Amino acid sequence: MGWLLNSLSPERLLRGNDSSSVAERPKYQLVLWPTVMNSFSCLTRMQKVSVLLFLVWVCFFFYAGIALFTSGFLLTRLELTNYSSCQEPPGPGFLAWGSQGKPGACWMASRFSRVVLVLIDALRFDFAQPQRSHTSGEPPVSLPFLGKLGSLQRLLEIQPHHARLYRSQVDPPTTTMQRLKALTTGSLPTFIDAGSNFASHAILEDNLIKQLNSAGRQVVFMGDDTWKDLFPGAFSKAFFFSSFNVKDLHTVDNGILEHLYPTMDSGEWDVLIAHFLGVDHCGHKHGPHHPEMAKKLTQMDQVIQGLVERLENDTLLVVAGDHGMTVNGDHGGDSELEVSAALFLYSPTPLFPSAPPEEPEAIPQVSLVPTLALLLGLPIPFGNIGEVMTELFSGGEDSQPDSSALAQASALHINAQQVSRFLHTYSAATQDLQVKELHRLQNLFSKASADYQRLLQSPNEAEATLQTVITELQQFLRGARAICIESWARFSLVRMAGGAALLAATCFLCLLASQWATSPAFSFRPLLLMPVAWALAGATLYAGLLTTTSLKLDLVVLGAVAAVASLLPFLWKAWGSCRSKKPLPTLISIPGPVLLLLLIRLATFFSDSFVVAEARATPFLLGSLILLLVVQRHWEGQLLVPKLLTIPRLGSSTLTGPPRHSGGYALRLGIGLLLCTRLAGLFHRCPEETPACHSSPWLSPLASMVGGRAKNLWYGACVGALVALLVAVRLWLRHYGNLKSPEPPVLFVRWGLPLMALGTAAYWALVSGADEAPPRLRALVAGASLVLPRAVVGLAAAGLMLLLWKPVTVLVKAGTGTPRTRTVLTPFSGPPTSQADLDYVVPQIYRHMQEEFRGRLERTKSQGPLTVAAYQLGSVYSAAMVTALTVLAFPLLLLHAERISLVFLLLFLQSFLLLHLLAAGIPITTPGPFAVPWQAVSAWALMATQTFYSTGHQPVFPAIHWHAAFVGFPEGHGSSTWLPALLVGANTFASHLLFAVGCPLLLLWPFLCESQGPRKRRQPPGSEAKGRVRPEEEEEEEEEEEEEEEEPLMEMRLRGAPHHFNAALLQLGLKYLFVFGIQILACALAASILRRHLMVWKVFAPKFIFEAIGFIVSSVGLLLGIALVMRVDGAVSSWFKKLVLAQQR
Amino acid sequence: MKDTDIKTLLYAHFLCIFSVILSVLIPSFFMEDFSILDTHLTWLCFCSLFVTSINLVLYLVPKPNASSKRSSLSHKVTRFLKCCVYFFVSCFFFHVIFVLYGAPLIELVLETFLFAVILSTFTTVPCLCLLGPNLKAWLRVFSKNGVTSIWENSLQITTISSFVGAWLGAFPIPLDWERPWQVWPISCTLGATFGYVAGLVISPLWIYWNRKQLTYKNN
């Protein structure tokens, strides 16, 4: 079935009827209109749905590949649930020294009956380091965090045998929950645990708290509520305070102080744990260099002082930091500052045989676990791999050197027996540990054990043997630790290779399918049925196979099998076409220079230096691509008039009219883009690996600024950026006439957007000055900072809804206009005999509409009567896209620090310039298949990456902007984890989202630029010369005439060829997925090839994770963007339909 | 186009390469502790000077372009001054481009500027010598089918290879090899120099190989 609508004048219609192709059909069947229209839109709708579903299907391949690779690459450690107990000693013959029949003794006699453990979160080593200003002549450095813990220094100086400071070496990841796990189990939490920092779960492994409970000791806890999740019900008395609100420096600490001394004086405790969070929160909020840090540390000093005064002789005081912090106050990674924490021990009775060394000794953090366990007379937790601190087992100042060494050896031996037992059990449970190394360790242990037994039999042996035993035991313990560290990063190579192969095959599929989509005879039908059928077949086969062999069903593998099964027919087809007709290189249509740039970009993923320097490398590549585009245009002769090429070089030619203008235009666009890229690069956050680099100070929130005047200026600049963004978008919409429609989305652009900007500005004002607010207004400020962001998000959601509801922003409502006499509808029944019919129809409708508007507008004598209607319809897709992007940008902007708004402004400017630059180089192929060139897609993807960096992000965990979780939720989220994760994710991947949603603009923009382009180009030079001498009115008239001849159809050209439009959208999506897909493939390959590289956990693994999440966000954004375009298309269809129905009456 | 032309071109290019080599060798005779890496800026000055002078000599002696034979002194002087202005403008232009590409804005200004100077020496100076201060002729030469002689063809090749060399020179900078030549802008200047020399070597060979296909509209 088909139809034809024409807007021909009667005489042209007559001509049309005379021509053979039209005359055969029945005519003037106006009644058929609705049904005809429906069937047509049904066809395109099916195409649209299949395009979207195919893209979803391709994304599924990628996801399956990523999941398979991840399951092989990011392995978790096996958690054993064995427990140590008093009755079950770890090995024979350990009671020879030690228990001495004392009560409460277990594996060893308890040295202390009570312990006060003060955990100061993020207490970096140099915070506690004594200041020796008197030794050197130079004046002491006065940093806010140095030398504030004076009581430690006094104790170390006055009672050198009672106190000791250590530099405790923390294992990454340096997040609090992982550290707490390590500090209680003595084990190594693995990399993947870092993700569950805010969703901590109860510890199932054996740990100190559990041992204390089973020994019947009373454990009292106060402080960070992470402990509540880790050890549910383990404390006899507990005071928990929420840890999530990192902006709150005092609630937790003051809460602890309220209960600390009363509890201590009451005496109803054996182990008292106080976990202070103020220092950590101060670091997160202000950084260590802020005066607030000095106050916080001084407060901690007073706490320690107070505790020392209350200590009794049987009590040990432990002051420990769980990790350090970077110069910015963040943590989570493994830089030197993050992994060095302070550890301080003090006992009222002499504990150490010697005075403390000049430079405090460095020990692994997990050493505290076996030490505390043995000192308290508890069994060492089963999975502990720490090594006891031997100094503490020497029996104090006065003991004999020999007996003290024997005591040390004994403690070490128990420790070694426990570790040996753990290794044995663990290697029996899994095959993780390297067998050869394990054998070597076992031999070492049995030798040391034998030596130790011999020593016990003849206690009067020389001191030398004792020393060898101690060294051997220490060697064993350190070796065991090393083997565990190594093997808990073991990979499943099969899965990694499978995942990488799946990714590679999917990339290849994207390449091939995008090539197929450009061919004119491309059909959508076979896209979906076959692959889904194959996938289902593969999946059921696999599941059936598993159930017959009764193995456990692994969802990841199931997905991968389905993906592979459905990829097979594609690859088969590709193989066939490759063998029969074309060689492969013709299939790959990426132009050489772009391919080279892409390859360079991929190669950079394999070098840790380049991954670290990607923030600078990406703008470089982007700049190269931009200049390449400009140079290419020049090279193809578009900067010069063709005639000039033959003119002798000294011939003074002034003939540079419009072509030169367009060349210089491209150059200006290129330079502007470079400038924007460079300016955005000023907002640069440095990776930890480059100490020489200085992060931009503009990334911090305004609240952390001290100067009042500068703060106000910056605030003004930020609000200015907001307003500029708003004005730019409005001007753009007005230029294309989309601001004149009375439709709800336009009303939203007119009123909703300024309201959102106002809300954002007000929120920033409140947040940046919250600390300075007078106390009376505190409640108001708090309430407003809760309500305002939510209001902005609500407005944004409402705007998006409106846009989805009525995306067509055209001025004239259907049916109001009276048809002009010369407009005649000529519908036909019968199917559209050719594609040409379809191609022909919609522009005709459009032109008809246009003429009608023109007639109406002429009557009303409004301004600019000729182009308004055309522009509205011609930019209907882009207008919806731009509005959607702006509406989306505001909530994302709200999640960032204030000054990032400048980057967002640059982002919009940059993409605008890039789109113009790209559009200038793309010829418009009116009827034929539309294509988005590879350089456009690559530049877009590069820009997304560049914006990721210029919004202050880095692909490492410590650089995540956690504060984004508190926007609109200043009190934290309670127990829900998905909402903060969503907020933080939206902050981190804002640029991926925006660019992916805006991706269809790459297809639309060249058509949009047609409105300026052809009119200039069309005029032959002669007529221009003529035009100048004529009076203005005439010129206008001529323009009108010309426009009557050929009005720019702009985006209606796309509607004119719905089949090609859908194919182009499919191709665009596939190309974009390909560019991101090969990035993730390169990351996966780099991570698997360099899996033994020093930097794998520091650089490659985080990069892979960030790239994978970025890919997922991008693909979702892309689907949303394409769906939006399709929604607009559908709305335009129904709008046409309504219009035509109105015509009928 | 004859083989003798190509031979002349080859000799002229050998002279240029020779000047680059001389700029490494000669200063070490009268300057102590001269080396390319340690006293990089001095070498840059020398290299720029030597290459410019050789180009000028080549321009004055064999006169490959016969069209500029207007002999009035004032014309020559204005032409020379114009050339100087063009040279400095190109230096500043390159400097701006480097900064836009990510070179530091405030620190190392002298280094960046000297890099711009050396790149101008390799690209702008030959253009000035061969084509004169005529921007349109430049634009013509650097477009598709725009060359009209083997000299212009070789100019095209050497200039593009200098740019590509300088571009490639930026890639080692982020690597953590801690070599002295990875410091900005040494790797880029070295890359530009190697690109220039490679262009000088390649262009006669390339022209010789493709002499059958090459037809210039003016010849």
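Predicted model: local features only at pLDDT ≥ 70, side-chain atom pairs only at ≥ 80, totals over all residues.
In chain A, 41 helices and eight strands are assigned. Of the 1145 residues in this chain, 57% are buried. Contacts between residues at least 6 apart in sequence are formed in 82% of cases by residues at least 24 apart.

Within chain A, the loop that runs between β6 (315-321) and α12 (336-339) contains A:Thr326. The relative accessibility of A:Thr326 is 9%, so the residue counts as buried, the limit for that class being under 20%. When neighbours within four places in sequence are set aside, A:Thr326 is in contact with A:Arg124, A:Pro288, A:Ser335, A:Leu337 and A:Glu338.

Helix α34 of chain A, spanning residues 990-997, is mostly covered, with seven of its eight residues buried. The buried positions in α34(A) are A:Ala990, A:Ser991, A:His992, A:Leu994, A:Phe995, A:Ala996 and A:Val997.

On chain B, a nonpolar surface patch of about 630 Å² is made up of B:Val201, B:Ile202, B:Leu205, B:Trp206, B:Tyr208 and B:Trp209. One of these residues, B:Val201, belongs to helix α8 of chain B, which covers residues 186-209. B:Val201 counts as partly exposed because its relative accessibility is 37%, a value between the 20% and 50% cut-offs.

Notes. Residues numbered from 1 in each chain as written. Chains lettered and ligands numbered in written order. Heavy atoms only, no water. Helix = DSSP H or I, 4+ residues; strand = E, 2+ residues; numbered from the N terminus. Buried < 20%, exposed > 50% of the residue type's maximum accessible area, 1.4 Å probe, protein only. Contact = heavy atoms within 4.5 Å. Patch = residues over 30% accessible without salt bridge, like charges linked within 9 Å, V, L, I, M, F, W, Y side chains within 5 Å. Areas by Shrake-Rupley, 256 points an atom, 1.4 Å probe, with all protein chains shown as cover. Salt bridge = Lys/Arg side-chain N within 4 Å of Asp/Glu carboxyl O.
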